[in-house]
Every structure is written in structure tokens, then in C-alpha cells.
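Morning, everyone. I have one structure to walk through today. Please have the viewer open.

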Amino acid sequence: MSKGNSTLDINAMGNSNAASSADTTAPGEARLASASPLSDSSPMGASGPLGTSVPGNIARAYEALDSFWREQNQLYRDVATSFGISESAFSILYAIFLAGEKGISQRDICVQMCIGKQTVNSSIHKLEREGVVVLKSGPGRRGLLAHLTPVGLELAERTIVPMIEAELAALREFDDRELVLSLLLGRRYTDALRSHFADIPGVLLTSQSSKAALLDGEAALRGVKAAAQGDASAPRNDGAAKRGGEGEGAPSGECLSSPNKKVR
């Protein structure tokens, strides 16, 4: 998809290895139909989390999404724990590795990984004392930027890289149509959450324009497709040689949608 294209066309992204024209059901649609958590056979009830009555499909979707997020969070915690690394340090190591030679500020780590400033600061200095991270002056007035030392890079190669490769292997199990659909629905759900959260009295949200959201979605789509297909020509961070399509930044004050950010 070209950078200037403002429309994500699902139909135009169909899998080149799709079934013959006689079969009009896409592989992803067949899997969704056979394993839908919204089916009537689902054991989840129709009572909302606040005891209110909501449509059964909404109640089941609410519980299923919550279950998915908790299970994914635990997967990332298990990876960090298995390597003997704290969850916050693992997320920070991840962010610094993806930043590559240009380094990354503590503020940007907070934004990208959704970790508090105090936690990032204490973890960075602990990693610095252990010889994993070094802080260097950035260009202009950017202050100190975190870089991996040779010891840190070796640690990342043993811990972060295998996890990234596993994430990409999981993406390769989806065809083009499923990848596009999942990104579109994820974007739509996030936008809907933002809209309804903004209606809560007293809640202030970081702003993100529709244009920025669209560009983020298109960049994510290009990166995910290229990475899943092993396209070495796709744009990527200079420190993410084994992962395609990583973004280089985020809107001010906003968390990036990295799977690893769910590790707290």
C-alpha cells in the first residue's frame, strides 16, 4: 500500500493463495464462524459487569476480550520471568533495542511502553550499573539517550530477539485478509473506546487526530504484512533488524500499540 493512500481496502488485500473461486468463504471467515466466542454455545452469560442487562453478544465479547488481554499479558510476563528479568526492565530493554544506534530518551520509553517515569528512571539506572545500558548525550537539547552496551546487546539477542521472532511467527499464521481485518477492527475499537472514555466526567485523554490515527494504522499494516512475509525492504527501525515495520515515535504523551507494552 502506498504511503499516500488514505483507504485501507480489505478486498484488495486478499491472500494470493486463497481457495478456488468456487469457495466463496475466506479462510479467516471460516475460522471465525467455527470458533466464535459470541456463539450461543458460549458459557458466558448475558449479565453485564455492573449487574446490568446487556445483549448476550456484547456481554460475551466483553468477557472474551478481557480474557484475551489477561492471557496475553501473562504470556509476556512468563517470557520475562523465564529470562530472570523484571517485567519493567524487559519492556525497557525491548524499547532500547528497537531504538537502535540513535538511542532513546526516558520520556520516549515511558510513552512507548506505558511505564511511569519513576519506574523507567530507576530501572534505567539499575541497568546502567549492571553494564547493560549506557546514557549518552543526544543531539541538540534532547538530553541523555539510552543505548545498549555490548553486554546489553548480547542480552537482547538472547531474550528480546527470540520473542520478536515468535511474535512474527504467530503473525505468519494469518493470511493477508485476516491481518488487514484485525488491524482495522483494532483501530475501530480503540477509537470507540476513546470516544466513550471522553464522555466520562472528569476524564482527560491525550489527543490524537483522525489523520494521525489513519497514518498509524497504515504504517502498522505495512509493517505487519512486510514482517509476516519476510520483506526485507520494508521500513524499520535501525535497531530492529529482525523485526519489520516498527514505528519511530509516537504522538506526544501517548502509548504506542506494542504487544510488549502490556508487560508492567
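Start at S82. S82 lies in helix 2, which covers residues 56-82. Buried or exposed? S82 is exposed, with a relative accessible area of 66%. Keep in mind that this is a predicted model.

Now jump along the chain to T159. S82 and T159 are 77 residues apart in sequence. In space, their C-alpha atoms are 9.5 Å apart. T159 sits in helix 6, residues 150-171. T159 has 1% relative accessibility, so it counts as buried. The cut-off for buried is under 20%.

What does T159 touch? Leave aside its neighbours within four places in sequence. T159 is then in contact with F83, I85, F90 and L93. The T159 side chain reaches the backbone oxygen of L155 at 2.7 Å.

Let me step back to the whole chain. The protein has 264 residues, and buried residues make up 33% of them. There are eight helices and two strands. In sequence order the pattern is α-α-α-α-α-β-β-α-α-α.

On to helix packing. Two packed helices are described by the angle between their axes and the distance between the axes. I will take three pairs, built from helices 3, 4 and 5.

First pair: helix 3 with helix 4. Helix 3 covers residues 87-99, and helix 4 covers residues 106-113. Helix 3 and helix 4 pack at about 110°, and their axes are 10 Å apart. That angle makes helix 3 roughly perpendicular to helix 4. The crossing of helix 3 and helix 4 is right-handed. Which residues meet? From helix 3, we have S91, I92, Y94, A95 and I96. From helix 4, we have I109, Q112 and M113. By class, this contact of helix 3 with helix 4 has six nonpolar residues, two polar and no charged.

Stay on M113 for a moment. M113 belongs to helix 4. With 1% relative accessibility, M113 counts as buried. M113 and A95 are 18 residues apart in sequence. C-alpha to C-alpha, M113 and A95 are 7.4 Å apart in space.

Helix 5 covers residues 117-129. The axes of helix 3 and helix 5 come within 10 Å and cross at roughly 80°. So helix 3 is roughly perpendicular to helix 5. Helix 3 brings S88, I92 and I96 to this contact. Helix 5 brings T119, V120, S123, I124 and L127. The residues of this contact of helix 3 with helix 5 divide into five nonpolar, three polar and no charged.

S123 is in helix 5. Its relative accessible area is 9%, so S123 is buried. Not counting residues up to four places away in sequence, S123 touches S88 and I92.

Helix 4 and helix 5 pack at an angle of about 120°, with axes 9 Å apart. On the helix 4 side, the contact uses Q106, I109 and C110. On the helix 5 side, it uses K117, V120, N121, I124 and H125. The residues of this contact of helix 4 with helix 5 divide into four nonpolar, three polar and one charged.

Last stop: the link between those two helices. C114 is found in the loop between helix 4 and helix 5. Most residues other than glycine have a negative phi. What about C114? C114 has a positive phi of about 55°, although it is not a glycine. Is C114 buried or exposed? C114 is at 17% relative accessibility, so it counts as buried.

To recap the packing. Helix 3 is roughly perpendicular to helix 4. Helix 3 is also roughly perpendicular to helix 5. Over to you.

How values were computed
Residues numbered from 1 in each chain as written. Predicted model: local features only at pLDDT ≥ 70, side-chain atom pairs only at ≥ 80, totals over all residues. Heavy atoms only, no water. Axes fitted to C-alpha atoms, helices over the stretch in contact; angles between N-to-C directions. Helix = DSSP H or I, 4+ residues; strand = E, 2+ residues; numbered from the N terminus. Contact = heavy atoms within 4.5 Å. Nonpolar A, V, L, I, M, F, W, Y, C, P; charged D, E, K, R; others polar. Buried < 20%, exposed > 50% of the residue type's maximum accessible area, 1.4 Å probe, protein only. Polar contact = N/O pair within 3.5 Å; in protein donor to acceptor, adjacent residues only side chain to side chain. Parallel < 35°, antiparallel > 145°, perpendicular 65-115°, else oblique. Left-handed = near helix turned anticlockwise from the far one by under 90°.
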